[in-house]
Amino acid sequence: MSRRHHESNKSYPDFYRTMMKGLTDSDRTITYAIINNSTKLFSQGLPGINILYRPFIESIRNLLSEHDSKRIPDSTRQNAITVLCSLIRFGMLDSQKCAEERLMLKEALINSLSTEDSIKNHDMHNMLLYGICTLAFDELTAIIWPHKTVVKECFRTMLDQLYWSQLSVVSAAADCLVAFAQNFSMWSDNEEIYIMVLQDVFANLIGALDEHITIQKATVRNGRGFIIAKLFYCLLEWLMVIPSSIFTDTDLCQLVLDVIDLAFEDRGAESLNYYKKVYPAPFRNRGKKTKLRFKKSARRISLGINFSSETYVQIGIENDIEDENFVKEVAECVLLHLTHHFDNFAPFYGPATINSTLTGPIGSDTKDDECAEHYQYFSFNDRTIITVIEMPDESSRSRLIIRDMTGRYTWDTKLFYKGYFVPNSKQSSDSEHSEITKCMTLRPNIKVEPTSSKSKLSNSKTKSRNRTSNFYKDKNGIPVWAENCNNEQSDMLSNLLYYVSENTSLSETLLDSSETITDGFQTEFEEELDRHIQEEILYVNSTDSQASSWYENIMSLRNNMNQVTENKSNRNNRNKISEQLSRNPLYSRSTSHLSLGADFSLSKAFLPVIPPEAEKPLEPYQQCRLFLSHIGWLNPDTFKDGSISMLDKGPALYRDIRLLDKKYSRECIKVALLYVGSGQEDEQSILHNTNGSNEYDEFVTSLGWEIDLATHPGYLGGLERNSTNGTTSIYYCNSTLEIIFHDVTRMPTDPTDLKQLRKKRHIGNDHVHIIWNEHYREYRKSTIGGDFGNVQIIISPLSTNTGSQNIELYNVEVYRDNKIPPFGPLLNGMVVTKNLLGPLVRMTAINAFRASINTTYQHPYLQRSSDINMIMSKYKKSSKNNNSYESFISKNFLLMIYLYRFSFSMLDYFIYLIFLLTKFKINIIFS
């Protein structure tokens, strides 16, 4: 099967004629020999190879039929499936002429899946399943008008496998469905197929979960929890990619929450007839009508619900690993993920940042630990760690850091008294409010009065100018009362006094048209008040600093309220008054504190009212206490049920939380990318590559997007930010996983290092290698040495000419260690087109990484949940401890708790409060 490009094409017709005769020969030995040696036949790009398409499909279909398959060796059957999967794309080189052959291929794959030998041999069964997945993916994405029958039957076949009791089969089917979910945008343009696929997928996912959970609860031990976990993760992937309106405006929300609620039910036969909770009705009145109608599939597990030993699930490992609460934890993972990220991915700061970057003390002697006194740690329902932080540099502000199994989130809280609503949608000039007020309007028929002091002043002036205009005046201009003048609401006295002020010497003083006669006598009152204040200042400067500060505030307030500046003569008069008061005080006083208080109240004839200033919190965690009180946590019920508890903070807790923060909330995968140019056969020449071909660069961009390592906030896979491993890399993520690709061509090459150890340090530690091979011969698996590289996905470009078209095809070879179970969706020997290559290679690399790490995939949420449980068990304080949550809150909220426990009435409360203030001088901080 070596390619000889210089050989004449005249030998190909004879070769194809011989192959077709052997495939139809009655001697099965010849057919078996041809199939066993043709696994790479369709990956060589031979001219005219399409002529063998139909003969191979018919021969393999007959070979794998139920009647003949019992006599076929397992190796021949596996090679036949490999050849059948390699024909998936070749039938589409001319879609109009090969439509019939494509239907034949679909029938051959689906019929072979239901044979007895395929059911017993799960590896071959999964190979056929991955072939069906690739066929459906190719039909949806590579064809302008996909065949609805092919898509529908392929999806129905994959969904049927969800009801199996074999973990590897259910995992393969779930992986196939996840591949469609992660590439949702590539095939969702066709509305008819889009609706059909969504309805079938959700109906069967929810139906299969319902069946498996029901059986799992009714039996003591059967290992079915791993199947349920796989189905839940698949359901989560599909929920995260659909538009939010499909989830909220249809019955899908009810179905999803029902199956999650079923997972939380207690084990036992009574749980089979669980009470169906009714959740809020979908929001269907949004102006849009949807054609989607969701319902749970009514299928049943083929083994039946007899709860016999046959329902025991073989998963290849010891079932003791499965914990009794494993299903509940998985359901909690799905519910929390939807709560945090549904309709919120990607976030505003990009898909790489879904968690807060703020942490806290790190548990060592650093500057960060100096602020540890401002941190307080609580546990909520033993599932969430809440850190409240009193911000030392800012008033009335606190911060909450919330850690749960899904990650770390931060909320900044601040007491706020301003209004953001602007009448008639008029935005404030303040840029800080522009983003908030631009979509805010008041309800109709709501009148808003002006609140600014300028508006009030202008209104008062306008009214004062019109005071005399509403009255009849006599010949001397004096306002007089007249009946039926419609001025019953006017103030006659004010107008008379105003007339007096206009015709007396008082008009030369501070009086203007907007003031009443009472303001006209302000000058005399001020002189009298100044005498009192000046005397007080002279006295208190030597006696009481607190009283001195009080008088200074009064003088400052009066000076600000006085709109008319004093001239030089007035200031001289005030200085003379001060000198006289210092020599001859108005009244004598005692120097005792009690007499000072008596004189303080008797000597002040005029005491202006001063607004209270903002208090600085003296108690620790005052603003945090306010926030916890506002959200309803400061009540005795939380103390009794133990939902909230304090954690014993200290360096040990800081270190454990720091370790928890290092656990990623998404699955993190690193994959190596290698470019093999023409003539490169050894490790050194491959690692020395600094760039690849244009076709290779296009392929790399189909795997993910380029990131800047220096500023990237997400997973780096061991790459440094200081440019020692390059400045950019290829990265991909969604709401559940992150992938970083170690591209050899993007890493700097050291000309003095023949082995390129810096590159090898990353490439050699990757479990999965993706090799782009442009060499004229096959890539050897042992080219890159090391203990890793357990999976190698080799891609070789092909070029097939069909008349005037030049269709770019790529041969895929997949090699894995013997200890690694099979994975997909790409299989060894498959040939795919350019638009399918990137998505399917990425999905295959993800499944290969999971298979090389562990046979039973577990979400990182479960690891974080285990760490949180450990922290709770080590640092949670008991209620008997003096440092418990109740004791901490009582220190800051002592009076409220004391009054609540003794059930004081409101009258008793105020009497007791006055008693404390007058007798014991207790400082109570109110907010």
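Predicted model: local features only at pLDDT ≥ 70, side-chain atom pairs only at ≥ 80, totals over all residues.
Residues are numbered from 1 along each chain as its sequence is written, and side-chain values use heavy atoms, with hydrogens and water left out.

Let's start with the sheet. Five strands make an open, antiparallel sheet, ordered β4-β3-β2-β1-β7; strands here are DSSP runs of E, at least two residues, numbered from the N terminus, and two of them pair if DSSP finds at least two bridges between them. At the edges sit β4 (407-414) and β7 (644-646), each pairing on one side only. Inside the sheet, β2 (residues 384-390) and β3 (residues 397-404) share six bridges, and E390 has S398 in β3 as its bridge partner.

Now, the cores: sets of buried Ala, Val, Leu, Ile, Met, Phe, Trp, Tyr and Cys residues joined through side-chain atoms within 4.5 Å, where buried means under 20% relative accessible area with a 1.4 Å probe, protein chains only. The largest has 150 residues, and F56, W238 and I770 are among those with the most contacts inside it. A second, separate core of 16 residues includes I385, I389, L647 and Y654.

Finally, the rings, which pair if their centres lie within 6.5 Å and count as stacked with planes under 30 degrees apart. Y375 and Y377 are a stacked pair, 6.5 Å centre to centre with 20° between the planes. Y375 is buried at 14% relative accessible area, and Y377 is buried at 3%. Ring pairs also link F184, W187, Y194, F202 and W238 into a cluster. Thanks, all!

Conventions:
Helix = DSSP H or I, 4+ residues; strand = E, 2+ residues; numbered from the N terminus. Buried < 20%, exposed > 50% of the residue type's maximum accessible area, 1.4 Å probe, protein only. Phe/Tyr/Trp six-rings, centres within 6.5 Å; stacked < 30°, edge-to-face > 60°.
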